[in-house]
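Hi,

Here is the structure I promised to pass on. Have a look at it first, and then read my notes below.

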Amino acid sequence: MPTTPTLRTRLQQAACDYAHLAEWPIVPGSVWTGTRYVRGHTDRPAGEFEPVFPRPTRDVRRVHSLWKIAPYSVLAPTGTAFDVISVPLALGVAATRTGPFRRRIAPAALSPDRIRFLVLPGIPLAPDLPLAELCTHGECVPLPPTPVPGGALTWWVSPVTTDWQPGDSLSVQAALREAADLLQPCSR
């Protein structure tokens, strides 16, 4: 998926919003070409969500400048501003329809195959959630509108809805547990 002028503008605007409105540290990352990830201006293969600069920043002027020269993707390190609980798409969508989630919503980014919930950092994942993955301790995660295989990330639950605050990890985990129970076929 080549980066079009419109997508470059959307990535830069989103990056500036994340730095300014949310005060999240962010960094440009590798770009999805439609067949593989590469390191921006080069054709050198890259990891899935690999930063192309060494340090994330919250400085809006720096963000604006970085995305002028590297408008490939928007990555955020986990473990400081938020952690991410990532689950398969069907489970994540079902979780957003449960009582625990509706009482305490969390920003949720949607990709073609997963939902990533942004939650307060520092809470471990319960062992009874085998389909869930916790991203923490500086792992970089993509934020919308980053291109990924099969499309681009979008917000299922926008961080604007939560006043740019991450959600409660225990509430998201309770919602996932309830959704998993609802998705289980009846045993008769």
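Which residues have the most contacts inside the largest nonpolar core? They are Y18, W24, I26, W67, V74, F82 and L143, in a core of 23 residues. Before I go on, some housekeeping: this is a predicted model, where local features need pLDDT of at least 70, side-chain atom pairs count only at pLDDT 80 or more, and totals for chains, interfaces and linings use all residues. Residues are numbered from 1 along each chain as its sequence is written, and side-chain values use heavy atoms, with hydrogens and water left out.

**The cores**

A nonpolar core here is a set of buried Ala, Val, Leu, Ile, Met, Phe, Trp, Tyr and Cys residues joined through side-chain atoms within 4.5 Å. Buried means under 20% relative accessible area, exposed means over 50%, and partly exposed is in between, using a 1.4 Å probe and protein chains only. The elements giving two or more residues to the 23-residue core are helix 1 (5-22), helix 2 (60-69), strand 4 (74-77) and strand 9 (140-143). Helix 1 gives the most, with eight residues. (Helices are DSSP runs of H or I with at least four residues, strands are runs of E with at least two, and both are numbered from the N terminus.)

Leaving aside residues up to four places away in sequence, I26 touches A15, Y18, A19, P56, T57, V63, W67, V74, L75, A76 and L143; a contact means heavy atoms within 4.5 Å. There is also a second, separate core of 21 residues, including L91, A106, A108 and V157.

**The sheet**

Next, find the open sheet: five strands in the order 8-5-7-6-12, with antiparallel pairing. Strands of a sheet pair through backbone hydrogen bonds, either parallel or antiparallel; the rule used here is that DSSP finds at least two bridges between them. At the edges are strand 8 and strand 12 (154-157), each of which pairs on one side only. From one strand to the next, the twist averages 30°.

Strand 5 (residues 83-88) is largely enclosed by the rest of the structure, because five of its six residues are buried. What does strand 5 pair with over six bridges? That is strand 7 (residues 114-119), in the antiparallel sense, and in strand 7 the bridge partner of I85 is F117. Strand 5 also pairs with strand 8 (residues 133-135), again antiparallel, over three bridges. There, V84 has C135 as its bridge partner. Helix 5 (residues 169-183) lies across strand 5 and strand 7, at about 10° to strand 5. For that angle, axes are lines fitted to C-alpha atoms, for helices over the stretch in contact, and angles run from 0 to 180 degrees between N-to-C directions.

**Cysteines**

**Aromatic rings**

The count comes to eight aromatic pairs. Rings of Phe, Tyr and Trp (its six-membered ring) pair if their centres lie within 6.5 Å; planes under 30 degrees apart count as stacked, over 60 as edge-to-face and the rest as tilted. W32 and Y37 form a tilted pair, 5.0 Å centre to centre with 55° between the planes, and W32 and Y37 are buried. Y37 also pairs with F49: the centres are 5.9 Å apart and the planes are at 70°, so this pair is edge-to-face. Y37 sits in strand 3 (residues 37-38), while F49 is twelve residues away in the loop between strand 3 and helix 2. F49 is buried at 18% relative accessible area. Elsewhere, ring pairs link Y18, W24, F82, W155 and W164 into a cluster.

**One last residue**

A22 is in helix 1 and is buried, at 14% relative accessible area. A22 and P159 are 137 residues apart in sequence but 8.4 Å apart in space, C-alpha to C-alpha. Not counting residues up to four places away, A22 touches D17 and W164.

Cheers
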